[in-house]
Amino acid sequence: MKISLCMITRNEERFIGSCLESVKNYVDEIIIVDTGSSDQTCHIALTYGAKIYHQEWQDDFSKARNFGIDRAKGEWILYLDADETLEHGELLKPLLNQANQETDGFLFQIVNYLDNAKLTVEKGVNVRLFRNRKENRFFGAIHEQLPFHDKEVIWTDLVIHHYGYLPSVTLDREKSKRNMRILLREVENDPKHPFVRYNLGMEYLRLGQYEKATDHYLRAVEHLTGENGYEHRLYKMLSKCFLQLEPKEEFLSIMAKGIRKFPDYPDLYYARGLYFESIGKWTQSAADYLKCLHLGREEADPNMYVLENGITSYKSYEGLGRIFERMGKTKEARIAYARCLKAMPSNLKVLSKLLALHDGVSKTTFIDLLVQEAIPKEKEDDYRLNYASLLFDLDQDESVVLMLKGINDCKYIGRAYLLLGMCFYKKKRFDQAIHHFSKLAKANEMTNQASPLLAASLWMNGQHKKANQVLSRSNSPGEGYCNASGLILEELSERTQEYLQKFPHCVPLIKEHEKWQRVQKEWNNQNQQLASV
Amino acid sequence: MSNQPMLSLCMIVKNEEKSLPISLKSVEGIADELIIVDTGSTDKTEEVAKEHGANVYKKKWRNDFSEVRNFAIEKAKGKWILILDADESILEGDAEKIKGLLHNPINEGYLFYIHSRYGNLSSSAPTQALRLFRNRKEYRYKNRVFERIPDEKLTHVADGLVSIIHHPNQERRIQMQRLKIRMLEEEIVQSPSDPYLHYVYGIELLNAGQMAESIAPLRTALKNASLMQVFTPHLYKCLVWSLIHTRKIEDALEVIIQGIKDFPQFTDLVFFRGQCHQQARKYSEAIKDFELCLKMKPAPMSFVPDEGITTYKAYFSLGQVHEALQNHEIALEQYEKAYKNARYFDEALYSAGTLLKDHPKLGELDQVLLGWMEEGLDQMMTLIDILCLQRQYEKALFYVDQTETIHGQNEDLLFARGICLMMLEYSAEAEQVYERITREHPYYPQVLLRRIQNYWFADQWKEAGVILEEIRGSQTLPSYTKLTYETIHALFAGSYTEFVDVGNKGLEIAAKLIEHLIYLNQTQKAKFLLPWLLLYGQPEQWVRIGEMLAEKGDIQTAEDIFNRIKGQDQKQHYKERICSRLLLKDERQAAKHVLTWGGTDELGICGFLLWNRMYSNELSGFLKTGMRSKRLDAEFKAKLARLVELIDHEN
């Protein structure tokens, strides 16, 4: 059984490499319909052995996709966008064994990243692998759909990561304009078409035009008939728009309608909770957040809903924490924040809130609460390390030590010292950094990563001879010297920069700063050149 | 013309026989009537007054200025009242202006400027006060001290653009000050929320040098004052001034911000803000403010602005800031501008002198300054003084000779010649020069002080003892000077002496002497005096001594002083100054050592530059050591070699 990957592209040089990389070994052919790239897209695709067809863009996604599918030789079609990557491509072929005669497609998990830190995530499902039959063709000029309502499709755990919604990506004006053009044309043809309205809403939402988006979403709700996969999302998107605008009374009735239809869709409760919070109705807000947490325990059906991550856990806990704080219920707020951290242990903002709530309380109490409420027993040492480094960022030296003290497994001790050393190095407290890196050395856990750091710390502390010793005894002295030099240069350059920020009018400082920048630049250039050779 | 006199002068006097004639002469020809109220003179005041044609009335003093003033006004027949004190006079040429004011039909009163000839508290002088007003029943004084006619009573007041010169007798002034402060305190108890009383009370404390104490009343005044009151801008200025001089920089900034909001055109506040930033080492903000001052117009006269805020003082401050930032060339340019905008502003020359001496690359000290100055005896004397201060005694001597040739012999030049010779260790020659100034000459006591120094330097203790005897007997030398010289002599003689506190001026004499001794390589002698100075002296004096020690390479003693200094800021300041002094001499190792005193967390600009340049050298050395390692593979070796080359090239 052969699989053909079908893709349509236009100026995708930024992502296409990683996309093809993720599937190249698991598909039998790559078919690309390019609709007029002026960048390196085609060149990159060729290096992956893609068959490239150039097709003039006709404002119709389905047409372009179907053009590619028509040329595919595989029995199965996998379709991806260039801004997506497939995780665990090696499971693709084994999947086909599950298919019987009736099976026409497979559902994949789609993870949409909404911010650059990849913290906000939306999940959904979509048919991405389907049998190459004549009738399995796309329809709809934009946000093209496959006619799979009555076919048998199989649920899979395979994940596709989608980066196209990242703010840095979606602002691609050209594409946005293109989408808008097609949609406006379609809505003119069929003003009552809810799916087109829905997609127009999406485009406007992305452009930040919340009023227009709301308008189209509301029209979509109005004209919607029968069952479909996106209605719940309509309500969710509406809630997003409303919360961006000053929410009006109307908001509550729309949410009520949505919740009546989709009583187990947590995102809607969460949105309403935010609204109640914003108008100071603490109790009602808390009730909605609690409902989200409750639904989380029951696990809402991901088949049914596109779920924003965190709503059934840390986001609602954080909301509860805020509300308890407002209501003056410090104890409850602490626990809510701690549980929030448990679900999202890298959340610096919440950790500092929790710290603030422990102002004046002994640090031991604070650490005890974290251990009790925010650390899962089975991963205790991992979490301890993690919190320790966060607490270090927050200048909580005492807490860092307390947190690390509790580490049980001796295999973590080395990492703890490394972490402490690195933290102190970052804080430019070189004597402390030396102290901790040296312990690492004593435990014979000196690594290639640690020795340049120790050497640089020693050097910055004026102990040049010792720095030499550390490097010459390390596993790879050459690399060590180079890395340590890089660190020292960075440090010196930074220091000069710091002084310059304090005294920006000082001419000799400006000159010194320029000097370090020149050295650093040359050094980096040289390293890159060597690397490419 | 009616028979009613036009202008009545009203004056209160007590024992003013000396100053009264000057005062009355200044209103000759404009005052048609002189009303003088005597509150109990025991000298010839009354006769003098009558000689000038005054009507003299007696009135018992009852601790109430308003009462007496109003009494005088009651007696006046003129259409207008002119208020003057016996130690004041109308500025020459301004009397004519007063005549013109009397015919203005609109105005009810005029504000005059009072320039005080005492003190150096420029921020409280000149002040503006109502001194000329129509003779109407409603216009009567209020308040027992700092009497004034309330603003709400007398409206339509204009700036008279007339100046009054105030030249008080020093002792009287202090007496009056004490009296006024006491009376004010009583009055404040009676009307505790009157902003004016608190304002003048604060100013009096300021003038008495009680900065810290002045803050509370000035704050109270500001709290109760409204923006409409004439004195409010000046009140802001006085409060800020007190706060800055008691080093409450953050508080000062807060007041300044409010003040600028209320009176955006008050340049002095912008200038003060610059000074605050300068003190806090926020040099960029300071530069911004001083440059802003240069762009602004001077504040209206009624705000009592300082002179030169928008010109030479701003340039001068910019010079100081750039000097601190090690931008020597820019600093010199600013000093030049400051001086050229105010040829009497010698401070700019002195600062430029220090800068030029420390950074010879900028040019020859004497040549540069001569290029700025106009020709003249005063200018030459200034130059010679600067050269002496910068210890360029040979050059100074050259200019003494030259000036003598052009302008002839004078005592100042003799004096300068003596100092130069003394510091060049021509002790006998110096003595000869000093001897040419005779006992009758007003400089003679000063010469005595130089002569004893000369003997001290030359270890001629017996001769020094003789001079000391003469110093003791001097009528004109102040007591603190005598006590200081006495103590120094005793310390040198090794006789047991208590460390007495001789006050700031006395200690300054000692500090200068210590500097001289170190300069002359007589550090041993200096060390006799050092503990005494460290006990009572000022941080700035220690810095100067430390710098001189550094100059002479005595780092150990400099460090001893460092350890005696209290306060992190002052330690830091001392350290930085010593370090930069060593750097000027290119003694990097010593400078680096100094930087380690008390930890290296704060380096200062100079220290950091040193640190940074040393790092370059050390990094290159470090890498060269690394390259000798046998376990280095060729690729990394080549990379490191290139880096070393890069760094060395930059140095």
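**Reading an interface, its charges and a sheet**

A: We can begin with the contact between the chains, keeping in mind that this is a predicted model. Across the interface of chain A and chain B, three salt bridges are found.

Q: What lies behind such a pairing, and which residue of chain B does A:Glu512 form a salt bridge with?

A: Side chains of opposite charge can pair when their charged atoms come close. Here A:Glu512 pairs with B:Arg613, and their closest N and O atoms are 3.5 Å apart. Between chain A and chain B there are also 12 residue pairs in polar contact.

Q: How is the extent of an interface expressed, and how many residues does each chain give to the contact?

A: The size of an interface is often given as the accessible area lost when the parts come together. For chain A and chain B that area is about 3,600 Å², with 67% of it from carbon and sulfur atoms. On the side of chain A, the residues that lose the most area to chain B are A:Tyr499, A:Phe503 and A:His505, together 17% of what that side buries. Chain A gives 41 residues to the contact and chain B gives 37 residues.

Q: How many salt bridges are there over all chains?

A: The whole structure holds 71 salt bridges. One of them joins the side chains of A:Glu308 and A:Lys236, at 2.5 Å from N to O. A:Glu308 belongs to strand 9 of chain A and A:Lys236 to helix 9 of chain A, so this pair ties together parts 72 residues apart in sequence.

Q: Now a sheet. In what order do the eight strands of the open sheet in chain B run?

A: Strands of a sheet pair through backbone hydrogen bonds, either parallel or antiparallel. In chain B the order is 3-2-1-4-7-6-8-5, with mixed pairing. Strand 3 (55–58) and strand 5 (88–90) of chain B are at the edges with a single partner strand each, so one side of each has no neighbour in the sheet. On average, neighbouring strands of this sheet are turned by 30° against each other, direction ignored.

Q: In which sense do strand 2 and strand 3 of chain B pair?

A: Strand 2 (residues 33–38) and strand 3 of chain B pair in the parallel sense, over four bridges. B:Ile36 has B:Val56 in strand 3 of chain B as its bridge partner.

Definitions and conventions
Residues are numbered from 1 along each chain as its sequence is written. Chains are lettered from A and ligands numbered from 1 in the order in which they are written. This is a predicted model: local features need pLDDT of at least 70, side-chain atom pairs count only at pLDDT 80 or more; totals for chains, interfaces and linings use all residues. Side-chain values use heavy atoms; hydrogens and water are left out. Contact means heavy atoms within 4.5 Å. Buried area is the accessible area (1.4 Å probe) that two parts lose on being put together, summed over both. A salt bridge is a side-chain nitrogen of Lys or Arg within 4 Å of a carboxyl oxygen of Asp or Glu. A polar contact is a pair of N or O atoms within 3.5 Å; within protein, one must be able to donate a hydrogen and the other to accept it, and residues adjacent in sequence count only if both atoms are side-chain atoms. Two strands pair if DSSP finds at least two bridges between them. Helices (H or I, at least four residues) and strands (E, at least two) are DSSP runs, numbered from the N terminus. Axes are lines fitted to C-alpha atoms, for helices over the stretch in contact, and angles run from 0 to 180 degrees between N-to-C directions.
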